[in-house]
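Please read this note with the sequence and the model open side by side. It is arranged as numbered points, each on one topic.

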Amino acid sequence: TKGQKGIKILAPTFRKETEVVVDEVTGEEKEETRQCLTGYILVSVFDVSQTEGKEIPSATSNFGSDTELLEAFKDIFSSKYRIKEMELRSTLGGYTDGKEIVLNAIKSEEQRLKTLIHEVAHCELGHIEDKEKSRREEEVEAEMTAFMVTDYFGIDSSDYSFGYLGAWAEGNIASVRKSMDTSFRAAQDIIGTIERAFAEEELQKAV
């Protein structure tokens, strides 16, 4: 709606890089292009109450469809966390106690994947043991991390994540800025873990 003030949240930025790799089987050189996470920018979004027209997803709604990445990500992180799926109330995506991650089985596969990364971020960022940060800071850091990771792998969770971030940040730009570096580093670490696992899997297939 005209005259409304936007809520500032983060959106990741990427660049394409091409590198020459050697096929482990044939020994031939080939070029591979991949997206590299380079940073993030502040963008303005609006809460649903500030808009008119077609209804958009809320912070607790479902999004997405099927993705083969869900099982792959579960396999990767199951070496460190117990991961299970069960039916939870519709407003919950999942939760973790630092050792076990529970995903809501009634959600779409893309939603469950995003939630998996959100809960992994909570664990990797020490939110379970360290209670020095506020719940708001923890949720902003975890969701910002999950958004950057899933976006890197081609899953658009912007409608959900922007609403979630807007709700928890409550328009507090200082709170969002404070979480930038932490979330960016966490996203890079998680992306690195996943990429290494994918590379090892490809190598094993080639042997």
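1. **Basis of the note.** The structure is a predicted model, in which local features need pLDDT of at least 70 and side-chain atom pairs count only at pLDDT 80 or more, while totals for chains, interfaces and linings use all residues. Residues are numbered from 1 along each chain as its sequence is written, and side-chain values use heavy atoms, with hydrogens and water left out.

2. **Overall make-up.** The protein chain contains five helices and five strands. Helices (H or I, at least four residues) and strands (E, at least two) are DSSP runs, numbered from the N terminus. Read from that end, the order of the elements is β-β-α-β-β-β-α-α-α-α. Of the 207 residues in the protein chain, 43% are buried; buried means under 20% relative accessible area, exposed over 50%, and partly exposed in between, with a 1.4 Å probe and protein chains only. Among contacts in the protein chain with a separation of 6 or more, 65% join residues 24 or more positions apart; a contact means heavy atoms within 4.5 Å.

3. **Helices α1 and α2.** Helix α1 (residues 69–77) packs with helix α2 (residues 109–124) at an angle of about 25 degrees, and their axes are 9 Å apart. Axes are lines fitted to C-alpha atoms, for helices over the stretch in contact, and angles run from 0 to 180 degrees between N-to-C directions. The angle makes α1 roughly parallel to α2; angles under 35 degrees count as roughly parallel, over 145 as roughly antiparallel, 65 to 115 as roughly perpendicular and the rest as oblique. The crossing of α1 and α2 is left-handed, a term used if the near helix is turned anticlockwise from the far one by less than a right angle, with right-handed used if clockwise. On the α1 side the contact involves Leu69, Leu70, Phe73, Lys74 and Phe77, and on the α2 side Glu109, Arg112, Leu113, Leu116, Ile117 and Val120. By class, the contact of α1 with α2 has eight nonpolar, no polar and three charged residues. Here Ala, Val, Leu, Ile, Met, Phe, Trp, Tyr, Cys and Pro count as nonpolar, Asp, Glu, Lys and Arg as charged, and the others, Gly among them, as polar.

4. **Helices α2 and α3.** The axes of α2 and α3 come within 8 Å and cross at roughly 130 degrees, and the two helices are therefore oblique to each other. The crossing of α2 and α3 is right-handed. Residues of α2 in this contact include Leu113, Ile117 and Ala121, and those of α3 include Ala142, Thr145 and Val149. By class, the contact of α2 with α3 has six nonpolar, four polar and four charged residues.

5. **The nonpolar core.** Which residues have the most contacts inside the largest nonpolar core? They are Phe77, Leu116, Ile117, Val149, Ile190 and Ile194, in a core of 33 residues. Such a core is a set of buried Ala, Val, Leu, Ile, Met, Phe, Trp, Tyr and Cys residues joined through side-chain atoms within 4.5 Å. At least two residues of this core come from each of α1, β5 (100–104), α2, α3 (135–152), α4 (158–169) and α5 (173–206). The largest share, seven residues, comes from α3. Leaving aside neighbours within four places in sequence, Ile190 is in contact with Phe77, Ile117, Val120, Ala121, Thr145 and Val149.

6. **Two loop residues.** Thr67 lies in the loop between β2 (29–45) and α1. Thr67 counts as buried, at 14% relative accessibility. Not counting residues up to four places away in sequence, Thr67 touches Glu109, Glu110, Leu113 and Ile155. Tyr81 is in the loop between α1 and β3 (82–86). Tyr81 is buried, with a relative accessible area of 6%. Residues touched by Tyr81 include Gly98, Ile101, Val120 and Cys123, not counting residues up to four places away in sequence.

7. Met144 belongs to helix α3 and counts as buried, at 2% relative accessibility. The C-alpha atoms of Met144 and Met180 are 8.2 Å apart, although the two are 36 residues apart in sequence. Asp189, in helix α5, counts as exposed, at 52% relative accessibility.
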